[in-house]
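Welcome, and please take a moment to turn the structure around before reading on. The paragraphs below will lead you through it step by step.

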Amino acid sequence: MPSRRRTLLKVIILGDSGVGKTSLMNQYVNKKFSNQYKATIGADFLTKEVQFEDRLFTLQIWDTAGQERFQSLGVAFYRGADCCVLVYDVNSMKSFENLNNWREEFLIQASPSDPENFPFVLIGNKVDVDGGNSRVVSEKKAKAWCASKGNIPYFETSAKEGTNVEEAFQCIAKNALKSGEEEELYLPDTIDVGTSNQQRSTGCEC
Amino acid sequence: MATSDSSSSPSSSGTEFADPNPSTDPETNSERVQSQLESMNLSQPSEVSDGSHTEFSGGDDDDNDVASANGNEGGVSNGGLVSEGVAGISGEEEIEVSLRAENPVEMEAGEEPPSPTSSGYDGERGSSGGATSTYKADDVSEDEIREANVDGDTASQHEAAWLPGKRHVDEDDASMSWRKRKKHFFILSNSGKPIYSRYGDEHKLAGFSATLQAIISFVENGGDRVNLIKAGKHQVVFLVKGPIYLVCISCTDETYEYLRGQLDLLYGQMILILTKSIDRCFEKNAKFDMTPLLGGTDAVFSSLVHSFSWNPATFLHAYTCLPLPYALRQATGTILQDVCASGVLFSLLMCRHKVVSLAGAQKASLHPDDLLLLSNFVMSSESFRQVLNILSIRTSESFSPICLPRYNAQAFLHAYVHFFDDDTYVILLTTRSDAFHHLKDCRVRIETVLLKSNILSVVQRSIAEGGMRVEDLPIDRRRRSSTANQGQDTAVPEVSVGTGGPCGLWHFMYRSIYLDQYINSEFSPPVTSHRQQKSLYRAYQKLYASMHVKGLGPHKTQYRRDENYTLLCWVTPDFELYAAFDPLADKAMAIKICNQVCQRVKDVENEVFLQGASPFSW
């Protein structure tokens, strides 16, 4: 093969509508921010190539719609995710309280093989708003929630100012990569006549 | 950490699904799908910020051809899968859809206005002119423009001159050139991870791949299945094989049936390389990434895709033999049969894509599609051929796991492959992974017989001579001139003299149903260029499809005339004949000629067909 093996990681971004999922993604991929709110319909896809510890891999980012009416799309969209990013707005208690629902819904619909250790990352967004004065969810509270869910990594970001976005996604990539490493082995059968041996012999050229 | 933004793509504004009405009532289902599909906006890539992708450089002539040919089409070149209607196949799958070609949905204030992409696109829209000129230009630029230009004029050349491997890897769904390609093939997993794309880099197309999965899964969620989306001149054909999704996006005007058949073969080729045990990997782990398992097989897939436009075996589902004296083929068959008696499942002597002879163990039968995929795999993998040792002596023998999807898709066989010369090779298939040395011995036995009877040089001569030629059909000249005298139009005899065979016969294909074999005549003037040959095959494919429509009862003959050809098809329980004549050919004479062609084929059937190959008589 001409190049080293590249890995593709599917990353799902979940959270209430308006918490800034699309803005985070746009800030990360396109380094852009818009104050205008446009609701995502269904899902939106972006890809970004990243390098991590001398390995090249591609993030396939699924930015989903936060509105409840899109929840029925879950199974189709969540299948085969390598990492799930939960986003809430530090200025909205409701969006924080809903995190449990998002997490559980994801685990039910995606049904990952090892739900206990499935990599989540939590992002508290919009820390820039009103100089932090309108903030209602404390960092302490968020961290406590993360600890209770098996030490989910936590980042506080501002998609508007680009604060911490790169760091958060770097962690997302790292965790997604980690979970991808215990891949199932591909063990094809050989047509069986008597002895059963399961192996894929490599081509032999004498 | 980040190195580059690889894409934003149509994905940047993405597929947007609305599900305002999650009803599951089957009666309203198709309506629901309609309304839902309507709200999918696969919009223009106008948010693409990476100028290097969208800036269409005029350096590449071929691509410019494509661009002007297709500039004003909807669908993919319009920045997304924009559908005007979905034709379902059977009732329950029928979905009427009308997708709107919406312009940038999520253009944000202050962002770059109409990107280079859309402005370039507008320019092309202007240049493509009226419908007629578009159609003509379109006809000229087939989906492989590059090949059409590079290739020589004869059939053998166009097989040989084709360059293996994936091209245009630098493209992605934001590149205008990528969007203009006439035929795309994609393989992806049901979680939306890309596995194969004919053009462009799979990873850069991850967003596009996700879009395709979203469409398929979305319809599946409603308990339905999407088979085809029509978008202007584009057809988007879907095939779901368990956890594997296959998609073809084409504006080549091929039939839906044939495009779906091509996806089937593409899937078969993947199974040949990996077996269906990949399904288990996805069952255990939905995020399974298959791409590494297919490493280095781009050439196999691209060669198969190429064969869709030149190899009739891909739609006739039959194989073809190299013409050989009966006794020689028999002698070869005998030694291959002997080898099979020693525990080999199938033994085949092949010359390029044609069969010299083959044999199978008792009760083992080989499907023509397996034969096609197997020979494609061997012919397109460089490593099977020309392995030279230090003394430059050919020692090309290989032992490789191979799965025959129609024989047993679940498990591997093991294939011993040896090339006697550049064209002729033997394939021995066994169930035993430790049989290498036995198969090597078998090969030596086969080689001895081949050398003794000098078959290899006869094979080389046969390649050089080619197959049947319409000019050589033994039809007496008087009949021909009598046509001229009856001639309604003086142009008829003139066209038939020197171009093609008698009475304007240009080409024919004969498929023996009982033998699962076909022969086709060599291409003769005026069907000389690759483009003309491809277009003739496409005409045959349509004819074939129209004769094999399920539920329409057995058709026996079809006579069809258009500005390009007079086509005649004749289907009997024993054989099918497809013949192409000059568009001005006389109908009565054409029918007469077809009878003579069939007679001629029967006269030489011992030389052009492999007779009595027991594994095939099923």
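What follows is a guided walk through parts of chain B and then a part of chain A.

This is a predicted model, in which local features need pLDDT of at least 70, side-chain atom pairs count only at pLDDT 80 or more, and totals for chains, interfaces and linings use all residues. Residues are numbered from 1 along each chain as its sequence is written, while chains are lettered from A and ligands numbered from 1 in the order in which they are written.

Let us begin with confidence. The model has an ipTM of 0.80 and a pTM of 0.75. For single residues there is pLDDT, the predictor's confidence in each residue, from 0 to 100. In chain B its mean is 73, and 65% of the residues reach 70 or more. Residues 1–160 of chain B have pLDDT below 50, and this stretch makes 316 contacts in the model beyond near neighbours in sequence; a contact here means that the C-beta atoms of two residues, placed from the backbone, lie within 7 Å. Residues 614–618 of chain B also have pLDDT below 50, with 9 contacts beyond near neighbours in sequence. Where pLDDT is low, the predicted coordinates should not be read in detail.

Now look at a region of chain B that carries an annotation. An unreviewed UniProt entry places the feature "domain: FUZ/MON1/HPS1 first Longin" at residues 183–304 of chain B; UniProt positions are given in the numbering used here, feature names are shortened, and annotations may be inferred rather than shown by experiment. The span 183–304 of chain B is 40% helix and 25% strand, and its end C-alpha atoms lie 13 Å apart. Helices (H or I, at least four residues) and strands (E, at least two) are DSSP runs, numbered from the N terminus.

Here you can find an open sheet of 5 strands in chain B, in the order β3-β2-β6-β5-β4, with antiparallel pairing. Two strands count as paired if DSSP finds at least two bridges between them. At the edges are β3 and β4 (228–231) of chain B, each pairing on one side only. From one strand to the next, the twist averages 15 degrees; axes are lines fitted to C-alpha atoms, for helices over the stretch in contact, and angles run from 0 to 180 degrees between N-to-C directions.

In β3(B), Tyr196(B) is the bridge partner of Ile187(B), and Ser197(B) is that of Phe186(B). The hairpin of β2(B) and β3(B) has 4 residues between the strands, and Gly192(B) takes a positive phi near 90 degrees in it.

Helix α9 of chain B, residues 206–221, lies across β2, β3, β5 (234–241) and β6 of chain B and runs at about 75 degrees to β2(B). Helix α12 of chain B, residues 298–307, has 9 of its 10 residues buried, so it is largely enclosed by the rest of the structure. The cover over the buried residues of α12(B) includes β2, β3, α10 (256–274), α13 (313–316) and α15 (368–380) of chain B.

Finally, move to chain A. Strand β3(A), residues 55–64, is largely enclosed by the rest of the structure because 8 of its 10 residues are buried. Strand β1(A), residues 7–15, runs parallel to β3(A) and is joined to it by 7 bridges, with Lys10(A) opposite Gln60(A). Strand β2(A), residues 43–52, runs antiparallel to β3(A) over 10 bridges, and Leu46(A) has Ile61(A) as its bridge partner. In the hairpin of β2(A) and β3(A), with 2 residues between the strands, Glu53(A) takes a positive phi near 45 degrees.

Conventions. Buried ≥ 20, exposed ≤ 12 C-beta atoms within 10 Å, placed from the backbone.
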